[in-house]
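Hello,

Here is the structure I promised to pass on. My notes follow below it.

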Amino acid sequence: MSRRVAFLPVTAMWHPFADMAAVSDSGPFVLARGERQFVFDESGARYLDATAGLWFANVGHGRAEIAAAIGEQAARIAHFSSFGDMAERPALELAERVAALAPVPGSRVFFTSGGSDAVDTAKKLVRRYWHAVGEPGRRVVITRERAYHGMHWGGTSLSGIDPNREGYGELQPDVVRVAWDDAQALADAIDALGAENVGAFFCEPVIGAGGVHFAGEEYLTQARRVCEERGVLWVSDEVITGFGRTGEWFASTRFRLDPDLVLTAKGLTSGYVPMGAVLAAPRVAAPFFDEPGTVWRHGYTYSGHAVAAAAGLASLDILEREQLVARVRDLEPAVTSSLSPLAELDAVSEVRSGVGLLAAVQLEADLLAADDQLLPRVVLEMRRRGVLTRGLVGGALQLSPPFVVDEADLKTFADVAAEAIEAAAGSGRT
Ligand code: PLP
């Protein structure tokens, strides 16, 4: 009889993206508090947060003024509803502030509970928009290899990461995937489908969870033109890149993408309370704002949640007052100069960096193929040495720290990564 059956699980919590048998055996790794770019476990040990949690803690951890804003709002009223004509003041204010920062002037802000909600909201809005303007045939959505668009059913259908699609049978129809870095392939796909059948192109300006891949400014410019010429809506998924990570408020602004929709979450509140938003350019919002009687029957209980909005306002205050977006741009060269020596290691094939506080250290394909535990071991070795990072799809280490890091932190990441890679690759060889 297997002993595991009698073994009480260490935790009742089913962790996302987890091998729960392993987590139950080893127990969860529990963090107790955070302070700017550092987090502390329950024993008090300190770690450099190299990933801003899951790419969200843009202003860093433990900000008392965000906690105070959350507490004050919760004591006043946590939330009621934003359906119909209802609202709480923080959500209205946050919508104004976000609209003022949006890549397209005059954008409208539709709040969601997180990034996956934003993706599925956009997927529905694309169809609802084309229906409203009399082109309901534009049903196909185009997505890219390596794309991560959240974990709802719509977003999973858009995924360019095969392991995330496996085991469900047929996903949503009317999704076509193209190469991640080839604007001509996008044009060919639209032309083959007939532009009159294509609703939108979903694009992460810098691919994040798929391994931190930037197809280049020229690719983005060409792909944007392809969509423009064919009347296909451009959806920038900026759940990671929004609110400063590329050194501009939005990557769509930096790369002049003139997006029809922008998807955000994470950095909107720096993750202090879950919240997302879809920013709709005037063209897309017009049928719903200008036509009396046109109702979009869509929204979530927590759309415009007052506590989340209060957190968002306080996070924006910090980003603006401490000029953290400019700081990201200033640190951009230091990311490359700190990490590029890692490419000299035998076990590293490539370092990807160059856009804001986003980078990946790619391990050698042969080593990964021969040893599927190499990447998790490197991550664990780094944790043992006081740096928290993550393994990304394809075998890379993630760097996307809070914006308050300094050059010394980037150097620490690189030094610890080098030691951990040597240790993990060495231990795999014995
Ligand atoms: N879109 C992108 C580009 C993301 O990176 C993510 C999450 O990492 C999502 C959507 C989904 O966001 P959430 O996990 O908040 O649902």
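Is valine 325 buried or exposed? Valine 325 is buried, because its relative accessibility is 8% (buried means under 20% relative accessible area, exposed over 50%, partly exposed in between, with a 1.4 Å probe and protein chains only).

Before the rest, the ground rules. This is a predicted model, in which local features need pLDDT of at least 70 and side-chain atom pairs count only at pLDDT 80 or more, while totals for chains, interfaces and linings use all residues. Residues are numbered from 1 along each chain as its sequence is written, and side-chain values use heavy atoms, with hydrogens and water left out.

Valine 325 sits in helix α13 (residues 324–339). Helices (H or I, at least four residues) and strands (E, at least two) are DSSP runs, numbered from the N terminus. Setting aside neighbours within four places in sequence, valine 325 contacts Gly244, Gly247, Glu248, Trp249 and Leu319 (contact means heavy atoms within 4.5 Å).

Proline 401 lies in the loop between β15 (396–399) and α16 (407–429). Proline 401 counts as buried because its relative accessibility is 2%. Residues up to four places away in sequence not counted, proline 401 touches Asp49, Ala50, Thr51, Ala52, Arg245, Leu357 and Leu410.

**Two helix pairs**

Two packed helices are described by the angle between their axes and the distance between the axes. Axes are lines fitted to C-alpha atoms, for helices over the stretch in contact, and angles run from 0 to 180 degrees between N-to-C directions.

Take α5 (residues 89–101) and α12 (residues 306–321): their axes come within 8 Å and cross at roughly 40°. Therefore α5 is oblique to α12 (angles under 35 degrees count as roughly parallel, over 145 as roughly antiparallel, 65 to 115 as roughly perpendicular and the rest as oblique). The crossing of α5 and α12 is left-handed, a term for a near helix turned anticlockwise from the far one by less than a right angle, with clockwise giving right-handed. On the α5 side, the contact residues include Pro90, Leu94 and Leu101; on the α12 side, they include Ala306, Leu313 and Glu320. By class, the contact of α5 with α12 has 10 nonpolar, 1 polar and 4 charged residues. Ala, Val, Leu, Ile, Met, Phe, Trp, Tyr, Cys and Pro count as nonpolar, Asp, Glu, Lys and Arg as charged, and the others, Gly among them, as polar.

Helices α6 (residues 115–132) and α11 (residues 282–290) pack at about 65°, with axes 10 Å apart. This crossing of α6 and α11 is left-handed. Leu125, Arg128, Tyr129, Trp130 and Ala132 of α6 meet Arg283, Val284, Pro287 and Phe288 of α11. The α6–α11 contact holds 7 nonpolar and 2 charged residues, and no polar ones.

**Cysteines**

How many disulfides does a search of the whole structure find? The search finds 0 (a disulfide is a pair of cysteine sulfur atoms within 2.5 Å). For cysteine 203, the closest cysteine sulfur is in cysteine 227, 8.4 Å away, so it is too far for a bond. Cysteine 203 is buried at 0% relative accessibility. Cysteine 227 is buried, with a relative accessible area of 0%.

**Positive phi**

Phenylalanine 17 has a phi near 50°, positive in a residue other than glycine. Phenylalanine 17 is in the loop between α1 (3–6) and α2 (20–26), and is exposed at 65% relative accessibility. Glutamine 323 is not a glycine, yet has a positive phi of about 50°. Glutamine 323 is in the loop between α12 and α13, and is exposed at 55% relative accessibility.

Best wishes
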